Amino acid sequence: MWNYSLLIRIIHSKKIFFLILIFFVTIVQCAPKKFFSSPSFDGYIYLKSVKNEKYKINALITFNIKNDLLISNFINFKFYSQLISYECGQNTPIIIEELLTENPYGKGIKNESKRELKKAQNLISPSYPSLFKETCV
């Protein structure tokens, strides 16, 4: 005769294992991957956001600004994000949308100043070749 309580424990432990595995895989897919690092900022790409449509690649990238180069109105904006589109072989991507914020993931106070956004664009532009190496084969 089978010991039903042992069988139920085995089934239960397998369910827990698979749940943990699913959560781990989900977190890994959503986690950003660092593609660039400098004393001024770190650049991250969200691999799940990368979409390849014929010759164009769309991607969401985020920059964690380390220096206080982008201070405006006594608020420290440290997170700059871009939704970009580009073709492999291009030197600069087309910026579809951009966001400069106080906290990660677009939270906190947002800076919508064209001048500050342009400063952020100029600051992170040296990272584009590393991004293209990461996504273009």
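In this predicted model, Tyr128 is buried, because its relative accessible area of 6% falls under the 20% limit. Phe132 is likewise buried, with a relative accessible area of 11%. Both residues belong to helix α3, where they sit four residues apart, about one turn of the helix.

The rings of these residues can be considered next. A pair of aromatic rings is described by the distance of the centres and the angle of the planes. A search of the whole structure finds six aromatic pairs. One of them joins Tyr86 and Phe132, with 4.7 Å from centre to centre and 50° between the planes, and this pair is tilted. It links distant parts of the chain, since Tyr86 lies in strand β7 (residues 79–87) and Phe132 in helix α3 (residues 128–135), 46 residues apart. Tyr86 and Phe132 are both buried. Tyr128 and Phe132 also form an aromatic pair, at 6.3 Å centre to centre and 15° between the planes. This pair counts as stacked because its angle of 15° is under 30 degrees.

Elsewhere, one aromatic cluster is formed by Phe35, Phe36, Phe41, Phe63 and Tyr80.

Glu97 is found in strand β8, which spans residues 94–101. Is Glu97 buried or exposed? It is exposed, because its relative accessible area is 53%, and the limit for this class is over 50%. Leaving aside residues up to four places away in sequence, Glu97 touches Ser81, Gln82 and Leu83. Between the C-alpha atoms of Glu97 and Leu60 the separation is 9.4 Å, and the two residues are 37 residues apart along the chain.

Technical notes: Residues are numbered from 1 along each chain as its sequence is written. This is a predicted model: local features need pLDDT of at least 70, side-chain atom pairs count only at pLDDT 80 or more; totals for chains, interfaces and linings use all residues. Side-chain values use heavy atoms; hydrogens and water are left out. Helices (H or I, at least four residues) and strands (E, at least two) are DSSP runs, numbered from the N terminus. Buried means under 20% relative accessible area, exposed over 50%, partly exposed in between (1.4 Å probe, protein chains only). Contact means heavy atoms within 4.5 Å. Rings of Phe, Tyr and Trp (its six-membered ring) pair if their centres lie within 6.5 Å; planes under 30 degrees apart count as stacked, over 60 as edge-to-face and the rest as tilted.
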